[in-house]
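This briefing goes through one protein model, topic by topic. Look at the structure first, then read the points below against it.

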Amino acid sequence: PVLVALLNSITLALVLLGVSQFIKYLFDTESQPRWVLRNGARILYACAVIVLVSWVLQHFWYTSLMKNVSHPLLLARLVSTAIPALAKALILVGLGQILRRVLPVIEESKTLV
């Protein structure tokens, strides 16, 4: 569906914007990171929620189209799509945790130089 593609595009755009600002912050001598990078952990957590919501919407859309399909097949489809969605969400949460811990270290190292 269009909504799922839109949600996935928004997630990708936010992550790429954060990565670009992180790289710029590493090589610049500016004292403060920009807004997206300062709130990067929250943005990554929100992206994880968006991934899970888009998976749920996609699953309900698929099950509404396949009313005559047997339940074991729908269960197999549920599991086969849940694993990548959960993996994406957990990776985004992990990146948020890493970012939250790395930014103060980078900021302190910039003040020492």
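A nonpolar surface patch of about 480 Å² is formed by Leu 3, Leu 6, Ile 10, Val 49, Val 53 and Leu 57. Helices H1 and H3 each contribute at least two residues to the nonpolar patch. The model is a predicted one.

**The surface patch**
- Val 53, one of the residues that make up the nonpolar patch, sits in helix H3.

**Overall shape**
- The protein has four helices and zero strands.
- Read from the N terminus, the order of elements is α-α-α-α.
- The radius of gyration is 19 Å, well over the 13 Å that the globule rule gives for 113 residues, so the protein is more spread out than a compact globule.
- Along the principal axes, the C-alpha atoms fill a box of roughly 65 × 20 × 15 Å.

**Burial, surface and contacts of the whole protein**
- Buried residues make up 27% of the 113 residues.
- The protein exposes about 7,700 Å², and 73% of this area comes from carbon and sulfur atoms.
- Take the contacts between residues at least 6 apart in sequence: 73% of them join residues at least 24 apart.

**Helix H4**
- Helix H4 covers residues 71-112, which is 42 residues.
- From its first C-alpha to its last, H4 reaches 61 Å, close to the 62 Å expected at 1.5 Å a residue.
- The buried residues of H4 are Leu 74, Ala 82, Ala 85, Ala 89, Leu 92, Gly 96, Leu 99, Leu 103 and Ile 106.
- What covers these buried residues? The cover includes helix H1 (2-27), helix H2 (35-38) and helix H3 (40-65).

**Helix H1**
- Helix H1 has 26 residues and reaches 38 Å from its first C-alpha to its last, close to the 38 Å expected at 1.5 Å a residue.
- Val 4, Leu 7, Thr 11, Gly 18, Gln 21 and Tyr 25 are buried in H1.
- The buried residues of H1 pack against H2, H3 and H4.

**Thr 11, a buried residue of H1**
- Thr 11 lies in helix H1.
- Is Thr 11 buried or exposed? The cut-off for a buried residue is under 20% relative accessible area, and Thr 11 has 7% relative accessibility, so Thr 11 counts as buried.
- Neighbours within four places in sequence aside, Thr 11 is in contact with Cys 47, Ile 50, Val 51 and Leu 92.
- Among these partners, Leu 92 is itself one of the buried residues of H4.

**Pro 33, a buried residue in a loop**
- Pro 33 is found in the loop between H1 and H2.
- Pro 33 has a relative accessible area of 6%, so Pro 33 is buried.
- Which residues does Pro 33 touch? Not counting residues up to four places away in sequence, Pro 33 touches Tyr 25, Arg 38 and Glu 107.
- Pro 33 and Glu 107 are 74 residues apart along the chain, and their C-alpha atoms are separated by 8.7 Å.
- Tyr 25, which Pro 33 touches, is among the buried residues of H1.

Conventions:
Residues are numbered from 1 along each chain as its sequence is written. This is a predicted model: local features need pLDDT of at least 70, side-chain atom pairs count only at pLDDT 80 or more; totals for chains, interfaces and linings use all residues. Side-chain values use heavy atoms; hydrogens and water are left out. The expected span of a helix is 1.5 Å times one less than its number of residues. Buried means under 20% relative accessible area, exposed over 50%, partly exposed in between (1.4 Å probe, protein chains only). Contact means heavy atoms within 4.5 Å. Patches are made of residues with over 30% relative accessible area and no salt bridge: like charges are joined within 9 Å, nonpolar side chains (Val, Leu, Ile, Met, Phe, Trp, Tyr) within 5 Å. Accessible areas come from the Shrake-Rupley method with a 1.4 Å probe; for residues, only the protein chains shown count as cover. A salt bridge is a side-chain nitrogen of Lys or Arg within 4 Å of a carboxyl oxygen of Asp or Glu. The radius of gyration is taken over C-alpha atoms; the globule rule is 2.2 Å times the number of residues to the power 0.38.
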